[in-house]
Amino acid sequence: MPLESGTAGAMEAGYYPRLVCALVVALGCLTVLSGVLQKGELPETWHWWPLVMVSASAVAFAALLDMAGFAITLFVVALLASLAGRLLNIWRAAVLAGVLVMLNIALFIYALGLPLRLWPRI
Amino acid sequence: MMNRRSILALTASTLAAPRMARAAGFPEGPVTLIVAWPAGGGSDVSMRLVAEALSRRLGVPVLVENRPGAAGTIGHRAIATARPDGQTIGMFSQDAITAQYGNANAPALTEFVPLGFFGEEPGSLQVHPGTGITTLAEYIARAKAAPGKLRNGGNPAPGASFLYMAYYERKLDIRVTKVAYAGYAPTVTAVLSGEVDSGSVPVPDVIEHHNAGRLRLLAVSGAERHFMAPNVPTFRELGHDVVIGGWRSLAAPAGVPADRLAVLRENLLAVFKDTEFQTKARHAGFAVTPGDHARTAAAWVEADTSIYPIMDELGLIKARRKQGT
Amino acid sequence: MHDLISNLAMGFGVALSLQNIGLCFIGCVLGTAIGVLPGIGPLPTVAMLLPFTFALDPTGALIMLAGVFYGAQYGGSTTAILARLPGETSSVVTCLDGYAMALKGQAGTALAIAAIGSVFAGIATTLLIAAAGPPLADVALLFQSADYVAVMLLGLVSAVVMAHGSVLKALLMILLGLLLGTVGTDVASGDYRLTMGLDMLADGLGFVPISMGLFGLAEIMVNLETMAGRTAIAKKVGSLWPSRAVLRQAFPAMLRGTAIGAAFGILPGGGPTIAAFSAYSVEKKVARDPSRFGQGAVEGVAAPEAANNAATQSCFIPMLCLGIPPNALMALMVGAMMVHGIQPGPSIITKQPELFWGMIASMAVGNIILVILNLPLIGIWVKLLQVPYAYLFPAIIVFCAVGTYTVDSSTGDVVLMAIFGVLGYVFRKLDCEPAPLMLGLVLGPLLEENFRRAMVLSDGNAMVFLQRPISLGFLIVAALLLAAVLLPSIRRGRQEAFRE
């Protein structure tokens with residue numbers, strides 16, 4: 001169902017988003033034009049591994065938390081995150097993950113008393 | 001770790017109250033009280049007072065959890081979908097009733113069971129002094145002389161103060177331009193600055209400004225005068241049959257076992273009836289009118305039947321359209 | 001003048017009681033702690049603390065709660081400088097030069113300048129409240145919807161000024177932010193907009209998940225690609241205490257930042273945010289060498305931090321003097337007063353002078369406590385940077401995820417953070433700065449709300465923006481500023497075209 005635009009004196013929900021959209025399109029065209037007219041450098045190359053692993057670790061947090069509880073979730077998140085750098089081997093990463101889990105439990109559950117479930121619901 | 005003496009004391013206290021309902025192993029650990037509105041507003045303040053008193057009666061912490069968003073829908077849904085074990089309860093106001101018709105994602109009335117009735121908060125009408133309007137009659141005359149010329153600030157539709165004004169318009173046969181503000185605080189500011197001519201927010205939010213002469217309360221749409229503004233007449237006293245306002249009650253998700261419901265209901269009622277609690281609430285601007293779950297259920301049904309036609313007339317019914325309308 | 005002194009003396013009499021100093025201290029410590037943590041902001045903290053204040057007298061309770069508010073502003077800059085994590089809107093600006101300074105090994109100086117700027121602004125604004133609170137509060141009532149639109153446009157233009165590089169890209173990022181700001185429930189009609197049927201988007205895109213993604217996660221992604229075992233942050237820490245030369249450089253910036261912050265803080269809505277952005281762009285405009293900005297210019301930390309703290313303090317003016325809360329935090333303070341049986345409003349100064357002046361005096365006391373508390377902490381914060389990056393960045397990611405989750409207990413927000421992390425990486429590759437986008441996102445809903453209301457109130461006549469003197473004034477300043485940025489870049493563009 002499309003949003004109504006309404007009139008300037010009685011705007012409906014669609015008026016302002018369309019206004020902003022029109023401006024985005026107009027400026028976007030200008031940008032493309034200036035990009036074609038001016039010579040510039042090509043964007044730097046992309047590195048996929050950190051991009052994928054860092055976002056995967058955040059998504060893992062969201063996917064696991066309700067099911068696995070705070071402790072296990074954080075362990076997985078920290079493990080995935082430390083692998084993103086390819087700077088640590090798996091054992092060091094696991095130790096780091098363990099330490100981070102404990103620190104976060106101490107901070108968020110004990111010190112701040114957030115209502116988070118620590119272990120999976122049985 | 002509980003020592004023997006405190007166990008004894010606990011047993012003694014439970015024996016001393018033999019008529020109180022009991023449920024084995026309930027409440028077990030903290031009870032969560034969900035408030036679908038941001039911290040610091042009237043709903044939050046009132047429920048924090050309730051939580052404090054209730055936790056003293058239940059002997060476990062009662063934690064207020066603010067789950068604001070989407071005009072209350074997010075919080076109301078959190079109550080409705082909580083585990084029905086009695087450990088999670090929530091505040092239920094008429095906004096939960098309007099939401100089910102305005103938003104397909106909001107939970108239906110049948111997903112809740114009533115616990116107890118906290119109190120009512122009537123709507124009121126106030127004007128900027130610069131308008132020169134001093135009485136309700138003058139307001140009505142001005143609105144009739146030029147329909148839509150007077151501007152009234154309030155919630156966006158179908159929020160409480162929007163509905164109050166819509167109801168006033170209907171009953172007084174007037175028409176004003178309703179301007180939306182995101183909450184009572186900005187609405188009051190707009191009335192004070194004269195950006196709008198009038199506002200329809202409840203008495204506690206404007207009483208200090210009324211006393212300071214920065215805005216003028218014209219009338220209160222309660223059955224009786226408001227205790228904080230004893231000099232402001234009701235619509236009824238002025239010859240108009242206009243009674244509309246909000247109320248606050250508590251609810252649990254449907255499906256909570258009966259023995260647990262009984263514990264919650266009895267303790268809540270006892271809290272509401274406590275004179276110390278009432279004094280505290282009064283200081284914060286709330287008139288507590290204790291009611292049991294039957295009174296609560298009646299208020300829900302009453303609001304459901306009276307608000308629906310107003311919303312329907314304004315084209316605000318977007319979900320759960322009733323048969324035959 | 002005599003009145004002011006005797007009133008302040010009374011205020012300090014209240015604020016310096018042993019109990020109230022203690023409460024102020026607790027508030028400041030808590031505020032600093034939550035300011036450092038992304039996610040848990042002052043709003044839920046005060047809400048959680050409220051029940052514990054029932055046992056206290058109202059003045060003590062409010063002194064403690066106020067301490068949490070301005071304490072959080074001190075802490076907010078810490079993560080922005082150390083890890084490019086802006087936990088709140090106003091520290092987005094501090095990220096730019098603060099983090100650049102940290103990369104150069106000047107994290108200690110940046111943190112110290114932020115703290116000194118904050119305490120200076122805090123005390124100066126407290127004096128302003130004491131001297132001219134009530135008349136200033138009435139200024140807030142002069143502003144109407146049309147004027148707010150003009151103020152926000154000025155704020156958006158200032159984000160163009162602060163961006164280095166292409167003006168066109170900066171404008172586009174602002175518009176993108178405005179567009180993202182339209183996601184959610186339409187204020188006037190209650191319609192869901194661009195929510196893709198997702199309930200979690202019904203309230204719009206949250207600030208924390210987006211800023212954690214665009215700034216924090218994207219920074220990590222970029223750092224990880226360039227280094228094989230190298231550290232992103234310079235190992236050498238440098239001196240913690242800023243040199244006299246640095247202080248002399250930063251002081252005028254603090255002065256200007258304080259003035260800008262105090263002025264914008266009184267206005268409802270995006271006060272501290274607009275103040276921080278404007279203060280930064282003013283510094284960039286008055287600087288002899290604007291190219292230093294973004295590379296670790298000390299004024300780029302001093303001015304926005306002073307502005308943001310001054311604004312936090314001056315938003316107490318309409319709340320205390322009129323009972324009008326200009327933002328959600330002050331609304332909560334009003335709530336706290338009501339729980340304690342005090343009706344906030346204009347009569348509070350005459351009816352409860354001890355409370356009014358005691359609170360004002362406590363702000364001065366609190367700022368001093370905060371600086372005493374924060375300066376030694378800097379040493380500890382800087383030590384954190386010496387942890388090898390291989391260990392540090394997983395901790396930052398976990399911290400971001402948990403912090404984002406705690407805002408609304410929403411796992412959806414964490415996914416949102418991941419999505420914006422990827423987007424932030426793309427923006428980096430395309431040389432687009434995320435700060436203007438954040439400003440657009442934060443101001444967008446306010447801009448739309450006021451724009452629509454102004455148009456309703458004027459019956460659809462857009463001339464209203466030119467007819468109201470306040471609005472006209474701000475629009476002229478905004479137009480001049482935009483022209484000042486656009487003209488050189490157009491000229492440069494033409495020259496380049498000729499050279500081809």
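Visitor: Which residues of α1(A) are buried?

Guide: A residue is buried if 20 or more other C-beta atoms lie within 10 Å of its own, exposed if 12 or fewer, and partly exposed in between, with C-beta atoms placed from the backbone. In α1(A), the buried residues are A:Y15, A:Y16, A:P17 and A:V20. This is a predicted model, in which local features need pLDDT of at least 70 and side-chain atom pairs count only at pLDDT 80 or more, while totals for chains, interfaces and linings use all residues. Residues are numbered from 1 along each chain as its sequence is written, and chains are lettered from A and ligands numbered from 1 in the order in which they are written.

Visitor: What covers the buried residues of α1(A)?

Guide: Contact requires C-beta atoms, placed from the backbone, to lie within 7 Å. The cover includes α8 (167–181), β2 (192–193) and α19 (434–457) of chain C.

Visitor: How many helices and strands does chain A have?

Guide: Helices (H or I, at least four residues) and strands (E, at least two) are DSSP runs, numbered from the N terminus. Chain A has three helices and zero strands. Its radius of gyration, taken over C-alpha atoms, is 24 Å, well over the 14 Å that the globule rule (2.2 Å times the number of residues to the power 0.38) gives for 122 residues, so chain A is more spread out than a compact globule.

Visitor: Which domains does the assignment give for chain A?

Guide: Domain bounds come from an automatic or database domain assignment. For chain A, these are domain 1 (1–40) and domain 2 (48–111). Their centres, taken over C-alpha atoms, are separated by 40 Å.

Methods. Contact = placed C-beta atoms within 7 Å.
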